[in-house]
Amino acid sequence: MSAGYAELHCLSNFSFQRGASSAKELFERAKLHGYQALAITDECTLAGIVRAWQAAKECELPLIIGSEITVENGPKIVLLVENLAGYQALCRLITQGRRRSKKGEYRLLHEDFQQPVAGLLALWLPDLDQDIPTRREQGNWLRGIFQQNLWLSVELHCGPDDRKRLNTLLGMARAMAIPAVASGDVHMHARGRRALQDTMSAVRHHTTVAEAGHRLFANGERHLRPLSVLSEVYPASLLIETLNIARRCTFDLSELRYEYPHELVPPDQSPSSWLRHLTEQGASCRWPHGVPEVARSNIEKELKVIAAKRYESYFLTVHDIVSFAREQHILCQGRGSAANSTVCFALGITELDPSKSNLLFERFISEERDEPPDIDVDFEHERREEVLQYVFRRYGRGRAALTAVASTYHGAGAVRDVARVLGLPPDQINALADCFSRWSDSMPPAERLRECGFEPDSPILRRVLTLTGELIGFPRHLSQHPGGFVISEHPLETLVPVENAAMADRTIIQWDKDDLDLVGLLKVDILALGMLSALRRTFDLVRGYRGYDLTLATIPAEDKPTYDMISRADTIGVFQIESRAQMSMLPRLKPSTFYDLVIEVAIVRPGPIQGGMVHPYLRRKNGEEAVTYPSEELKVVFERTLGVPLFQEQVMQLAIVAADYSPGEADQLRRSMAAWKRHGGLEPHRIRLSERMKEKGYPDEFIQRIFEQIKGFGSYGFPESHAASFALLTYASCWLKCHEPAAFTCALINSWPMGFYSPDQLLQDARRHQIDVHPVDVRYSDWDCSLEPVAGREYNQNLAIRMGLRMIRGFREEDARRIEQARGIRDFKDVADLCIRAELDNRARAALADSGALRGLVGHRHRARWEIAGVEMQRPLFGDDCFGEEAQVALPLPSVAQDLAADYDTLGTTLGPHPLALLRHKLAAKRFRSSKDLLDEEHGRSFSVAGLVVGRQRPGTASGVTFVTLEDEHGMINVVVWRDLAERQRKVLVGSQLMQVFGKFEFQKGVRHIIAQRLFDLTPMLTGLDVRSRDFK
Amino acid sequence: MLWACVLLPQLALDGVMRRRENPEEPLALISGTAQRRVLQTVNPAARAMGLRAGQSLTAAHAMTREFATVEYDPDETERWHRLLAAWAYRFSSHVSLKYPRVLLMEVESSFGLFGPWPVFEALLRQELTELGFTHRIVAAPNPLAARMLANAHDGLAVCDGDSLHEVLAEMPVNRIGLPTEVATSLARMGLHRVRQVQALPRDTLARRFPAAVLQHLDTLFGRRPMGLECYVPPDRFDTRIELNFDVESHQALLFPLKRMIADLAVFLAGRDSGVQRFVIHLEHVPSVGSVAPDTQIPVGLLSAEREANMLFELARGRLEQVEVPSPVRALRLQAKDLPAFVPTHRELFDDRPQQTMPWEQLRERLRARLGDEAVAGLGFNADHRPEHASLPASPSKPLALTHKVPRPGWLLPEPELLTEPGLRVLAGPERIESGWWDGGDVRRDYYLVETRNGQRGWAYRSVGDSSLLLHGWFA
């Protein structure tokens, strides 16, 4: 009987492309074999250690934290953490090694070990291929550093002559007086992962398995071997020594203490008193005439909860960042569970007054629940970098870093890597990857593979698919979170190693947000949002041209004309509810209050759609179905959504009310929802929910639907707390579109690229709303689009949009700025004056001429191009130019079609006739309907329409339906193409720019579309036009 | 002078199509990076399915999978270009390869031999059609005009300056070989025809465009001469005969081989050189989805020779030893080593002993006598499986042993059951588990054993099997 064993050298799959098992698999197997402890020693990283810690807790097997490191020009060692000091020393070493090299690599030098390494135990892994003096030198160096905390590790894997190897190593240990210990260099939990391990090695070496040769291990011994095997391989003394080491390594991650930055609180204040002070200050700004009763009591309640949970510093940190943004005039808006609080409103973190929005703070944060507060702040997308750099500057790189994201293998990526290292040709690799849907992790069905010409039962494909299945979900590399910051009072490297991100000037910690949650670190999300840029620009324009100040908070609330516009689905360009799916919902939902918008924002999402909740809600909202509740006790939960579960929060509450979950368990459910695709783990909840709900008499069908919805939330969880913040931006953008349409459109274009529509579509929409649009003209245009007053028109039509030079394809901002400047001094006399004073090179001149921007100076495009080609850059030294006056030459006038083509070519839009207007007489002759005709057509008739294909979408939630959007001179036509037609006419569907659709017209509840029966490609009619379609996004 | 321009619009495709059985089968030539594969050219059948040059392969596959693909090979296209130059050389001594996919040739001087232009042109077209190359032919008084007119015309013959002027005037400005930015500029000024440009005062053009533009126009109209580099037949021999049927026997290969070698001999005589080494390629019938590598038969001589019979006999000797692995579609003969021919003469005092010969010669002789398979070196392949680790390899490339593990020098072709009593295990087990990827997964425990009479062997047990198999002997 063996004495027991602790594995001290084991890699998980966070040693990317090396370890072939997850920590969970490793711990389960180690437990099964009766190991006494398991060290996870990923190579120079702690990125996987929190997961290992979690797995260790689940398996009730002690975790030893460590890392395998190869010192540059030095030995390979395994460092094991004995205590907190050792943990911090390890974090510091890893940080040094990582910060010194580019992403994904490390360099640790001998001198890095001159700092204290107390609390770290080292196992030396001598390389027997090296000569004896080198080995001796390394051993002596290590002993000098680690002294009594150094072991010589003996690893035997059925090599050519293990007995000799053992004797050599023991001999070395004796000679150098270093104790020997056994370890396993474990790369996988079981031998069965040998193929995967080989595959990953080949991926790492950028080769195929067949060519990887000796870079693969000779056998599969590097797994967790049963004790009986180990005791045959190793002398008992070496095994016993593992236990001696394991007993010393008692450090646990729960010993980490995280502290918020202290500097946000003045010396004479406590975090608590300072937060109260700032809140009071903010409240008196928000409510200059006295804080209302409700708000006052909310503030008191919230501050109490915050104090009880000791979250003050978190709110202070966010407040500090938001204040910076405000000083810089960067628009921002918070969202998330804690963001919808009166305190956050007072602090300016959110512009959403919770008292106005039917939102209760306790719904999001409560004393019982152990859920960390969650505040994401969105900033203007073009200026977020300023905020990021502020945080780095304010706290220093040592104390602030971005969160990591462990990018995992998805189906297509996994199959690509596997197929490549198994030597499949590139064409087949692409074809195979196509069989996997983009982000899905499920394996394609056999029929799908056969369709693509693969034989799923062939040995090679079986190998590819099996390995792909194993690889899916494995972490692949660390990348940076878009904006999750961790900020700490003490240097971060005392908590977690920090490494370089791929982008310059960014550092990331090695943990992702789930890891942070588990260890109790809090993060602030600093995200980028295009709509905020557009809104800020609109506010600026309104201030400049209308002379009044708007903010998100002061936009008049509950404005009827705005809701009327929304209910007409007249929402091109606004936030969130501008997509086609959203627009088709609006006339049915007819939002008339802010809370309706919250629902609208949340309802067209996979959760409610997969749960089949959309139609019941619509029916109830329109009074076609009675509002009932599954039970009286659930009325509280579902009242605000008419008895239909729509939000993630409601599902959690339902679990509490209907299935007796504790708040803590409900939080578990929330985590499982977010992670079930990756880790599974929903099954216990399903059983528990359905059993308890059945006991309480809920119908099976209801339970089933709730569960489908839970799964839907998993992929794209969209909680009410976020929907509410988004709805505020939606409302603001709609209000501006309704009341300041010119300024709003102008700002959208100036913030482009963002949103769903191109500048062309936005301008067309503006013109349909009787907004004048003036062409690009060097005499008036700035870089950005601007506004010009129009006399004698109604208020919301009395500003025209002047197209900016930014709309000219390939035109550079610096050229535009020089034009603005030169024009500011005096108007341009002629093109020569323009070219010379604004220092325009040939490229810039040509772009101006071709876009028609010179029309005011020289006339049509052809003339403009001719004239600027003749401008000499150098003013002649004496008087006139050396070529003298040249004879005026005759140039042909551009035709309407040529102008149209040039407009699209250079500006992507035209102020002249729409291409379809030019073709209309031909189309009308064939009795095609235009989008305007559709307004008068009857439901159920069949006819043809034609238009430019401006959108093709195949949403994952719509089971193979393709939505095509056609544009003509009057507007958009929505076309639905069912799957079988799409497959039969794929060529036309994918290839047409101008498409004719014959089909049946449907018109229900304000929504119009054509169900396509036959498609025709009319593109040849358009020769020369450049209209870019937005293909399957 | 009259210059003919033969434009070969789908040279690469035609080159590939010549090899293929069914011209009606949709075919696309593929190029681009591994990440983004693009259709380089498509044949008419493929075009009819909606495939277009420039499309990405993924996009094409999204439309249909019913088409064959062949990797686009620019080198091969270049070879066809040169082959056709050699063909054109028969008709004119002034042939130029200045433009890709184009043969420019002066033809007026050859009217005496091939008849007046219409007859001559018909002859060219007939031969090109027989060779299987799509073409457009235009004749004009200067080579540049011929080249540019071919962009828009086929079968046009312009013999005098006035007609040339007329025809050129109607050409679109973007088809006359001007740099793209110039053509774009002109088009953006509304000038789409050469006529419009010609009508403009010369100084206004000179002011707006680089001098090269006016020069180009002058050359085009024949107001400036054009320097052309003439094609010179190559100094190496490379010929290829495509067989009309798939050949599997040596016998059937001998006739075309003899023809090729006769051509070689004529070629050698023409440039007064000999050949010391040439290579016969047997190009095999491509199997579905893959192209079998050529069988290459090098023929080496001790000294440069050019006598047809002798060369043929040598080549035949080598050919007959070769096992033809799969049907042959084409034969190719390449000779690069063409030293000056020096008739054999014997030194009066030749003191080299007859028996000694350099290793390479001995090796060649052994291989010629015994066959290529019989003489092989030992190569090392990085594979943990012993039977894959050492392979017969070309002896010309010595390989270092990279993996430092003890392995027997003599590996048995098939492991044998080792039943000898009294074996002593010296080391082991060494476990080898590898090779799952090609279906040859092994799981074995190897032992270094010593027999009673002191031989050291290498033997294994497969995991889960008790019998001991001898796999090799240590020297």
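**View 1. The exposed residues Gln821(A), Gly824(A) and Ile825(A) sit on the face of helix H35(A) turned away from its buried side.** Exposed means over 50% relative accessible area, buried under 20% and partly exposed in between, with a 1.4 Å probe and protein chains only. Helices (H or I, at least four residues) and strands (E, at least two) are DSSP runs, numbered from the N terminus. The model is predicted: local features need pLDDT of at least 70 and side-chain atom pairs count only at pLDDT 80 or more, while totals for chains, interfaces and linings use all residues. Residues are numbered from 1 along each chain as its sequence is written, chains are lettered from A and ligands numbered from 1 in the order in which they are written, and side-chain values use heavy atoms, with hydrogens and water left out.

**View 2. The buried residues of H35(A) are Asp815(A), Ala816(A), Ile819(A), Ala822(A) and Arg823(A).** They fall within an arc of 130° seen down the helix axis, so they line one face of H35(A); the arc is that of the directions from the helix axis to the C-beta atoms. An α-helix has 3.6 residues a turn, so residues three or four places apart point the same way. The cover over the buried residues of H35(A) includes helix H36 (831–837) and helix H37 (842–851) of chain A, where contact means heavy atoms within 4.5 Å.

**View 3. Gly398(A) lies in the loop between helix H15 (384–395) and strand S10 (400–408) of chain A.** With a relative accessible area of 41%, Gly398(A) is partly exposed. Neighbours within four places in sequence aside, Gly398(A) is in contact with Pro491(A), Leu492(A) and Glu493(A). The C-alpha atoms of Gly398(A) and Leu492(A) are 5.9 Å apart, although the two residues are 94 residues apart in sequence.

**View 4. Seven strands of chain A form an open sheet in the order S1-S2-S3-S4-S5-S6-S7, with mixed pairing.** Strand S1 (6–7) and strand S7 (180–182) of chain A stand at the edges, each with a single partner strand, so one side of each has no neighbour in the sheet. Two strands pair if DSSP finds at least two bridges between them. Strands S2 (residues 37–40) and S3 (residues 63–70) of chain A run parallel and are joined by three bridges; Leu38(A) stands opposite Leu63(A) in S3(A).
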